[in-house]
Amino acid sequence: MEKAASLQRANQQQRLVEWSRRVEACRSSGLPVGQWCRENRIAVSTYFFWQRKVFQALKELQEVTFAEVPVMERTQPSGHIVAAMEVSGVRIQVYGGADEATLQAILQAAKSC
């Protein structure tokens with residue numbers, strides 16, 4: 001059951017990322033929403049649904065507080081979780097041995113939500 005819930009949260013996050021891209025595309029196009037929606041074959045009501053969901057997610061992220069995580073003196077063995085964070089029901093886990101590119105990708109993905 002936990003895997004199903006995790007998969008559902010991942011799918012929800014993926015939808016939010018896609019919706020935020022479309023909302024940003026509309027807002028940066030300079031076109032009125034109705035015209036942008038017609039040109040992109042999207043119902044105006046769908047656009048405003050996406051926008052509301054994206055803004056709700058952003059508001060929830062602003063309410064998150066962060067805590068400093070102390071750095072361990074010893075090296076964690078590869079394959080073990082060395083850091084974890086949960087935001088809006090999405091859990092991010094970083095495993096020992098993660099390289100800088102992986103960490104940047106994780107942070108970029110979290111930033112998009």
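Me: What should the 28 residues of helix H1 span, at 1.5 Å a residue?
Reply: They should span 40 Å. In this predicted model, the end C-alpha atoms of H1, which covers residues 2–29, are 41 Å apart, and that agrees.

Me: Nice. Which residues in H1 are buried?
Reply: Gln13, Leu16, Val17, Trp19, Ser20, Val23 and Cys26 are buried there.

Me: And what follows H1?
Reply: Gly30 does, and its phi is positive, near 85 degrees.

Me: Switching topic: how many disulfides does a search of the whole structure find?
Reply: The search finds zero. Cys26 is in no disulfide, and its nearest cysteine sulfur belongs to Cys37, 5.6 Å away. Likewise, Cys37 is in no disulfide, with the sulfur of Cys26 as the nearest one at 5.6 Å.

Me: Is Cys37 buried or exposed?
Reply: Cys37 counts as buried because its relative accessibility is 1%, and the cut-off for buried is under 20%. Cys26 also counts as buried, at 2% relative accessibility.

Me: Let's move on to Gln51. Where does Gln51 lie?
Reply: Gln51 lies in helix H3, which runs over residues 44–62.

Me: Why does Gln51 count as buried?
Reply: Because its relative accessibility is 15%, and buried means under 20%.

Me: Which residues does Gln51 touch, not counting those up to four places away in sequence?
Reply: Gln51 touches Val23 and Arg27. Val23 is one of the buried residues in H1.

Technical notes. Residues numbered from 1 in each chain as written. Predicted model: local features only at pLDDT ≥ 70, side-chain atom pairs only at ≥ 80, totals over all residues. Heavy atoms only, no water. Disulfide = S-S within 2.5 Å. Buried < 20%, exposed > 50% of the residue type's maximum accessible area, 1.4 Å probe, protein only. Helix = DSSP H or I, 4+ residues; strand = E, 2+ residues; numbered from the N terminus. Expected span 1.5 Å × (residues − 1). Contact = heavy atoms within 4.5 Å.
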